[in-house]
Amino acid sequence: MALDALSDSGFQNWEGEVVRQSFSHLSEQDAKSKLVVALDAPTVPDARKLCAKLRDSAGVFKVGLELVMSKGGLAFARDLIEEEHQVFLDMKLLDIGNTVERAVANVASSGFQFLTVHATNRKTLRAAVAGRNSQREQNLKLLAVTVLTSFDENDLREEGVFGQTPLELAVHRAKMAEEEGFDGVIASGHEAKSIRQVTNSNFIIKVPGIRPAGSEIGDQTRTMTPAEAMEAGASYIVVGRPIYKANDPAAVARQIVREMCAARISDRH
Ligand code: C5P
C-alpha cells in the first residue's frame, strides 16, 4: 500500500518505551481505492449521473438509506455490483437478532462488499456475523457504526448515555465489534487513532465527516480534512456533500485524492 518511506522517528508510549515508526505516502491508485463516495442522491437517475462522472475517481460507491428508499434504489445498487464496482450498502441495521441475521445473509449473498450495522449491543453484532457466515459467499465486510459523527455529548445524554464521551463510547463499541468478528467500524477521524490503538492493524476504520479545507461542514460536528483522517489511521474516507454538491464532482474527488496522497501515513496504523 504505502510507497516511499519518508523518515523514521520515534515516540514514547505510556510505559516510557521508545516506539519506532516510519512514514510513507499513498500512491494515487491506493488513495483512489480508499476514497468512498456517498451517492446520497434523491433518485436513481441522479445517482447514475453522479456515478458516470466519478467512475474513474473513486474506489467505492456508498449507497445509503435515501437512495435505497427511492424507486429502484436497491436494484440500482445491485446493478453497480454487476458493473464490477465496489459497493458499500450503508443500511445501519438495528433490529432483533433473527431479523438482522437474515437480512445480512441476503446482503452477503448479493455480492455487496460492505454493510453497516449499529454497534449498540453484542446480540445485534453476533447476529450479523452469523448471517454473513451462513453464506457460501464470504466477501461481505461488516462495519459497525460506533457513534454517528453528527452526535455530540448532548445527543448522547438524550439517548440515555451518561458519563461517556463520544470518543470513549466509540472505542468501547469498536472493541466490542472486533471481539464479535466484525471487519471494521465507521468512526469519526477524531476517534480513529484511539480505535487503532485497541484493535488489530487489519481492522478497517472508515471515516465519514470529511471536509476538504475550505468546504462547508453542514450537520457534521466532528470533521477532519482528507489528509488529517489518513494520518489519524483511517483505512478509507467517506465523502458525500463536498463531492456531490460540487459543480465538478470529479475535480473535487481528484483534489481529495491529492490531499490523501500528501498525508504522512505511519506504519503503526
Ligand atoms: O455529506 P457527508 O460527507 O457529510 O456524508 C457522509 C456520509 O457518511 C453520509 O452518507 C452519512 O450517512 C454517512 N455516515 C456518517 N456518519 C456515520 C456513518 C455514516 O456521516 N457515523
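The tour goes through the ligand site and then some salt bridges.

This is a predicted model, in which local features need pLDDT of at least 70 and side-chain atom pairs count only at pLDDT 80 or more, while totals for chains, interfaces and linings use all residues. Residues are numbered from 1 along each chain as its sequence is written, and side-chain values use heavy atoms, with hydrogens and water left out.

**Stop 1: the ligand**

The shell has 17 residues, and the closest are Asp40, Lys62, Arg211, Gly240 and Arg241. By type, eight are nonpolar, three polar and six charged. Here Ala, Val, Leu, Ile, Met, Phe, Trp, Tyr, Cys and Pro count as nonpolar, Asp, Glu, Lys and Arg as charged, and the others, Gly among them, as polar.

Now show the polar contacts (pairs of N or O atoms within 3.5 Å). In the side chain of lysine 62, an N or O atom is 2.7 Å from a ligand oxygen. Glycine 240 uses a polar backbone atom, 2.8 Å from an oxygen of the ligand. For arginine 241, a polar side-chain atom lies 2.7 Å from a ligand oxygen. The ligand taken alone exposes 470 Å², of which the protein buries 88%; these areas come from the Shrake-Rupley method with a 1.4 Å probe.

**Stop 2: arginine 122**

Side chains of opposite charge can pair when their charged atoms come close. A salt bridge is a side-chain nitrogen of Lys or Arg within 4 Å of a carboxyl oxygen of Asp or Glu. The structure holds 10 of them.

Select arginine 122 and glutamate 179, whose closest N and O atoms are 2.8 Å apart in a salt bridge. Arginine 122 is in helix α6 (residues 122-133) and glutamate 179 in helix α8 (residues 166-179), so the bridge joins parts 57 residues apart in sequence. Helices are DSSP runs of H or I with at least four residues, strands runs of E with at least two, numbered from the N terminus.

Is glutamate 180 buried or exposed? Glutamate 180 is buried, at 14% relative accessible area, whereas glutamate 179 is exposed at 53%. Buried means under 20%, exposed over 50%, and partly exposed in between (1.4 Å probe, protein chains only).

**Stop 3: a network**

Last, select Arg48, Arg55, Asp79 and Glu83, which a network of salt bridges links. Within this group, glutamate 83 and arginine 48 have their closest N and O atoms 3.8 Å apart.

How values were computed
A residue is near a molecule or strand if one of its heavy atoms lies within 4 Å of it. A polar contact is a pair of N or O atoms within 3.5 Å; within protein, one must be able to donate a hydrogen and the other to accept it, and residues adjacent in sequence count only if both atoms are side-chain atoms.
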